[in-house]
Amino acid sequence: MLLFLRSDAKYREKEILRLVKEGIDFEYFVQVAREKGVSSLAYQVLKVYPSSNDTEKKALHDLGVSYLITAAANNHYKEELMRILAAFRERGVEVIPLKGIALAERLYGDITSRDRSVDVDLLVREKDKKCGRRILEDIGYYFTPVDEREEYKWYYAFHKQGQKMVELHWDITMMVRSKARIEGLWSGTEYETFDGIEYLDFKPEEILLYLAVHLVNSDSFRKLKCACDINRLIENYQSRIDWDSLVKKAKDWNMRGSLYACLTLNSKLFGWKVPKYPALSMGLSQTKRIFIRTFANEKVILK
């Protein structure tokens, strides 16, 4: 599975052909690909190899159907995301789309490469959360109260018939709030263009830190999709990432453990190491590093 998901899979044709000839349980392969949120990526590689029997043909067909369904759904949701971003821009409220279709376009150049998400995550400044709520309500979304004390809330939820749920966040995680973290993330933004719409997005270092926190503090740790995102981000932007700066931000924003976990997992899953692996410079104790490595490995994520 991991060999099929590497971005250099086209250069590993001999290895993949050898595995196919030796025999792959394709029924199980498709099941795992779907469960781990990587069926689209797996299909894009597998489809170029000839099927030798009916089982393989059925597996490829099933992945192809999933791919087409994802493509249709993501194109539908892309139109709605563009509408949302345009509405925020028209009102002068800065908003950052987290994960989802915008991330797929930026990392893979293809909105179908990431399997479908269950919701749309947006980030606004806390001072803009009420204005953001009005914007979403003005374009047909209904506010759904979150059953949580006000001081612990970090997002609003919205629903609209025929669309994904929208979560309007003013922090990236439910863990202890940090003014330095959220202000630091906002200072590391830049404008991107998606389908003719200009929007605000994190710079590569900030995306990596966000994905690291999301990986560790959500059920994404059980999926391969987020790990693939992190690997593709590092490969695409390795020349722009200042590792010393990244480590400093992780320290200042109390994100060292998350960053160490995501880099450890990336190394074990995909074999790619950063130019100067920052494990020791993060100042984590040996006990904590051992604890993280116990869980940040391929056996846990593929279980």
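A residue counts as exposed when its relative accessible area is over 50%, as buried when it is under 20%, and as partly exposed in between. In this predicted model, aspartate 195 has a relative accessibility of 53% and therefore counts as exposed. Lysine 78, at 15%, falls under the 20% limit and so is classed as buried.

These two residues form a salt bridge, with 3.6 Å between the closest N and O atoms.

## The Glu94–Arg125 pair

A second salt bridge is formed by the side chains of glutamate 94 and arginine 125, at an N to O distance of 2.5 Å. Here both partners come from loops that are distant in the chain: glutamate 94 is in the loop between H5 and strand S1 (96-98), and arginine 125 is in the loop between strand S2 (119-123) and helix H7 (129-138), with 31 residues separating them.

Glutamate 94 is partly exposed, with a relative accessibility of 30%. Arginine 125 is also partly exposed, at 26%.

Glutamate 192 pairs with arginine 106 in a salt bridge whose closest N and O atoms are 3.3 Å apart. Because glutamate 192 lies in strand S6 and arginine 106 in helix H6 (residues 100-108), the pair ties together parts that are 86 residues apart in sequence. Glutamate 192 counts as partly exposed at 21% relative accessibility, while arginine 106 counts as buried at 12%.

Across the whole structure, the search finds 20 salt bridges.

## Helix H10

Helix H10 comprises 13 residues (225-237). At 1.5 Å a residue the helix should span 18 Å, and its end C-alpha atoms are 18 Å apart, which agrees with that expectation.

Of the 13 residues of H10, 11 are buried, so the helix is largely enclosed by the rest of the structure. The buried residues are Lys225, Cys226, Ala227, Cys228, Asp229, Ile230, Asn231, Arg232, Leu233, Ile234 and Tyr237.

Note on methods. Residues are numbered from 1 along each chain as its sequence is written. This is a predicted model: local features need pLDDT of at least 70, side-chain atom pairs count only at pLDDT 80 or more; totals for chains, interfaces and linings use all residues. Side-chain values use heavy atoms; hydrogens and water are left out. Helices (H or I, at least four residues) and strands (E, at least two) are DSSP runs, numbered from the N terminus. The expected span of a helix is 1.5 Å times one less than its number of residues. Buried means under 20% relative accessible area, exposed over 50%, partly exposed in between (1.4 Å probe, protein chains only). A salt bridge is a side-chain nitrogen of Lys or Arg within 4 Å of a carboxyl oxygen of Asp or Glu.
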